[in-house]
Amino acid sequence: MMQIELQTPEEVQTGSRSRLYELLSQGFRYPTLSLYESAKRGQFLEEVRAALETFRYGLGPPGEFAKGTPLSFDEFELEYVQAFDVGGPRGAPCFLYEAEYGGGRLKVMEDVLSFYHYFGLRLSQEKGKRDRPDHLATELEFLHALTFKEAEVLTEKKEVTSYRKAQRDFLNSHLVDILSDVAAKVGPREIPFYSDLARLGHAFCQAELAHLSATV
């Protein structure tokens, strides 16, 4: 996405909201070496903290996000696989696909796709990046795109209500429910990085929905 210059407090806060959605989306993707190194060095945590500083609603301490973790990259990757794909010593897998929690797979995917397509967004067809539209990371990336567009429109002094209503409706219909399930399952397991990610994602999206419901 292009860069935009944010000046007013509202523009800055919207930019921070967009950045946090982006960080959450990156965190729930299959782990890469760069994500692991960012978490271990504490860079991921600092970026989360920087985004949270501008919010009008407090979310509390975000956790450590595996800062200084002794885990190797292979061990970090295994934590993800066991948590979300196959299960392991900490319990059964917590799937990251919304339709796995009910609502009918076809119906859920059709509904999320209708949101994406309405705003001119398409799923990547690049080899290695294709995935179902109801993956949690993809849904978070959609909110990143909507809030980024909201920030852009704010700088142009144009109407942003349609973007905020879409965020509210998508959160209410999709993201809050799946994050509630993921946080309930993964949060208590104290999985390095991922338990903090699940708790923050749930708290943030709940606060977002409450704020948007009260203002649009």
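This is a predicted model: local features need pLDDT of at least 70, side-chain atom pairs count only at pLDDT 80 or more; totals for chains, interfaces and linings use all residues.

Visitor: What radius of gyration does the protein chain have, and what would a compact globule have?
Guide: The C-alpha atoms fill a box of roughly 50 × 40 × 35 Å along the principal axes. For 216 residues, a compact globule would come near 17 Å. The protein chain agrees with that, at 17 Å.

Visitor: What percentage of the residues of the protein chain count as buried?
Guide: The protein chain exposes about 10,600 Å², and carbon and sulfur atoms supply 51% of that area. A residue is buried when its relative accessible area is under 20%. Of the 216 residues, the share that counts as buried is 47%.

Visitor: Which residues of helix H2 are buried, and what arc do they cover around the axis?
Guide: Helix H2 spans residues 33–41, and its buried residues are Leu35, Tyr36, Ser38 and Ala39. They lie on the same side of H2, because the arc they cover around the axis is only 165°.

Visitor: Which residues are exposed on the other side of H2?
Guide: The buried residues of H2 have cover that includes helix H1 (9–28), helix H3 (43–52), helix H4 (73–86) and helix H8 (194–215). After H2 comes glycine 42, with a positive phi near 90°. On the other side of H2, the exposed residues are Ser34 and Arg41.

Visitor: How far apart in sequence are the parts tied together by arginine 164 and glutamate 10?
Guide: The side chains of arginine 164 and glutamate 10 form a salt bridge at 2.7 Å, N to O. Arginine 164 belongs to helix H7 (residues 161–186) and glutamate 10 to helix H1, so the parts they tie together are separated by 154 residues.

Visitor: Which helices hold glutamate 208 and arginine 17?
Guide: A salt bridge of 2.8 Å, N to O, joins the side chains of glutamate 208 and arginine 17. The pair ties together parts that are 191 residues apart in sequence, because glutamate 208 is in helix H8 and arginine 17 in helix H1.

Visitor: Which residues are linked in a network of salt bridges?
Guide: The whole structure has 18 salt bridges. Both glutamate 208 and arginine 17 are buried. The network links Glu10, Arg17, Glu150, Arg164 and Glu208.

Visitor: What is the relative accessible area of glutamate 141?
Guide: Arginine 29 and glutamate 141 meet through their side chains in a salt bridge of 2.8 Å, N to O. Arginine 29 lies in the loop between H1 and H2 and glutamate 141 in helix H6 (residues 136–155), so parts 112 residues apart in sequence are tied together. Arginine 29 is partly exposed at 25% relative accessibility. Glutamate 141 is partly exposed as well, at 40%.

Visitor: Which residues is threonine 138 in contact with, leaving aside its neighbours within four places in sequence?
Guide: Threonine 138 sits in helix H6. At 9% relative accessibility, threonine 138 counts as buried. Beyond those neighbours, its contacts are Arg29, Tyr116, Leu123, Arg132 and Pro133.

Notes: Residues are numbered from 1 along each chain as its sequence is written. Side-chain values use heavy atoms; hydrogens and water are left out. Buried means under 20% relative accessible area, exposed over 50%, partly exposed in between (1.4 Å probe, protein chains only). Helices (H or I, at least four residues) and strands (E, at least two) are DSSP runs, numbered from the N terminus. The arc is that of the directions from the helix axis to the C-beta atoms. Contact means heavy atoms within 4.5 Å. A salt bridge is a side-chain nitrogen of Lys or Arg within 4 Å of a carboxyl oxygen of Asp or Glu. The radius of gyration is taken over C-alpha atoms; the globule rule is 2.2 Å times the number of residues to the power 0.38. Accessible areas come from the Shrake-Rupley method with a 1.4 Å probe; for residues, only the protein chains shown count as cover.
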